[in-house]
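Let us look at one chain together.

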Amino acid sequence: MSLKSVHQIIDDCQAIFNDNSFSKARQWKDAVPGRKVIGYMPVYMPRELIHAAGMLPLGILGGGADMEVIHGDAYYQSYLCRIPRSTIELAITGKLDFVDGMVFPSICDVIRNLSGIWQLLFKDKYVRYFDLPQNFDDQIGGVFYVNELREFKQGLEKLAGREISDEHLHQSIALYNENRAWVNKVYDYRAATPWKAPAAEVYLLMRAGMVLPVEEHTDLLKSYLAAAEAENRPLRDNCRIVLIGTFCEQPPLNLLKSLEMAGCYIVDDDCMLVTRWLQQAVPTNGDPLDNLTKAFLHHSAETAAKYEVDLAVKGKYMLESIQKRQADGVIFAAPSFCDPALLDQPMMVDRLKERGIPYITMQYAENSGQMQPIREQAGTFAVSIKLWSAS
Ligand code: SF4
């Protein structure tokens, strides 16, 4: 484990975040002949399978705030969310030329269509639309999903030119279990002492995990926790909020910074859910595909990104998060025209209204530049929370 200061660690993560050419992943690939990299889109991907095939899973989260989208606009309507357009831009401008395959997990029609566009544009690459079950019965959704995993595994084996053994899969599952445990420790640490682990830092740490090998990312999380604890930072008179709706297209980093500067500590969020989707450790014995299936069906985060059959249960995960993190309120921040986030929002709002929990809503794009209105809205929200809780 490194003994870097928190600033050195975050500077390294910021460099990874800024680098739209994914140099770290390119270096990993070039270090050993024959290595392969598989890109995946949000929201959930069983990265264990890619890792067990000896490949690097690379999270692709769009082009970010600074990428100019020129070609991407020819493929999608400009009023849609920006992530499909900037992801196409990344590919067409050669930023993903080293990636050997792309996987598109089912989250919405936009991503499904993107997988089709990819197949037309990059005929020589491995492309898979990864369908996730909407039914959580072992005998229905479970049977479907285990087959989906098996087909995905076979595709990776063909690409790797070797079999993925159960033993390799168990080892990869163990590494991702450990990574999830440390991710959760960082989230717990931030919730307990948000002034010591600012939201933008935690975000950059998790973003680094989209590019780095899992073992390296786990070490980074351990180093950050030690370094953050050693740092003296002032406690602000901020309220505590849960940020919801940021699971696919990512909010600009400045939006996260603006919320905290405006008086809102972010004590939970749904950014990069792939790092926390599975809520319990996956067993490392028995049939690994079966274990991953059961974990997905029965122990995954109940967010807008997962279909909830029972309306009475809808919102339970959010309410538990508010309680566990001792949050004062919720900020719903959805990408423009994001169906999964915006269709879920009215139901979540109802749950909050029933309990008198304050909330605000806002929309963003990954390249939103004007933060003044966000600061004003969040600042007013923070002040109103303080006034209400004081009465
Ligand atoms: S931001 Fe929302 S609408 Fe856009 S691709 Fe992601 S989930 Fe789909």
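The questions below go from the whole chain to single residues.

This is a predicted model: local features need pLDDT of at least 70, side-chain atom pairs count only at pLDDT 80 or more, and totals for chains, interfaces and linings use all residues. Residues are numbered from 1 along each chain as its sequence is written, and side-chain values use heavy atoms, with hydrogens and water left out.

Student: How many helices and strands does the chain have?
Tutor: Helices (H or I, at least four residues) and strands (E, at least two) are DSSP runs, numbered from the N terminus. On that count, the secondary structure comes to 14 helices and 8 strands.

Student: What is the radius of gyration of the chain?
Tutor: The radius is taken over C-alpha atoms, and the globule rule is 2.2 Å times the number of residues to the power 0.38. For 391 residues the rule gives 21 Å, and the chain is close to that, so it is as compact as a globular protein of that length. Its radius of gyration is 20 Å.

Student: What percentage of the 391 residues is buried?
Tutor: Buried means under 20% relative accessible area, exposed over 50%, partly exposed in between (1.4 Å probe, protein chains only). Buried residues make up 58%.

Student: Is S172 buried or exposed?
Tutor: S172 lies in helix α7, residues 166-192. Its relative accessibility is 2%. Therefore S172 counts as buried.

Student: Which residue has its backbone nitrogen 3.3 Å from a polar atom of the side chain of S172?
Tutor: Contact means heavy atoms within 4.5 Å. Leaving aside neighbours within four places in sequence, S172 is in contact with E48, H51 and A52. The backbone nitrogen at 3.3 Å belongs to A52.

Student: Where does R276 lie, and is R276 buried or exposed?
Tutor: R276 lies in the loop between β6 (264-269) and α11 (288-298). Beyond neighbours within four places in sequence, its contacts include V183, Y187 and D269. Its relative accessibility is 7%, so R276 counts as buried.

Student: What distance separates the C-alpha atoms of R276 and S300?
Tutor: Along the chain, R276 and S300 are 24 residues apart. Their C-alpha atoms are separated by 8.3 Å.

Student: Why does I92 count as partly exposed?
Tutor: I92 is in helix α4, residues 83-92. I92 counts as partly exposed because its relative accessibility is 32%.

Technical notes:
A polar contact is a pair of N or O atoms within 3.5 Å; within protein, one must be able to donate a hydrogen and the other to accept it, and residues adjacent in sequence count only if both atoms are side-chain atoms.
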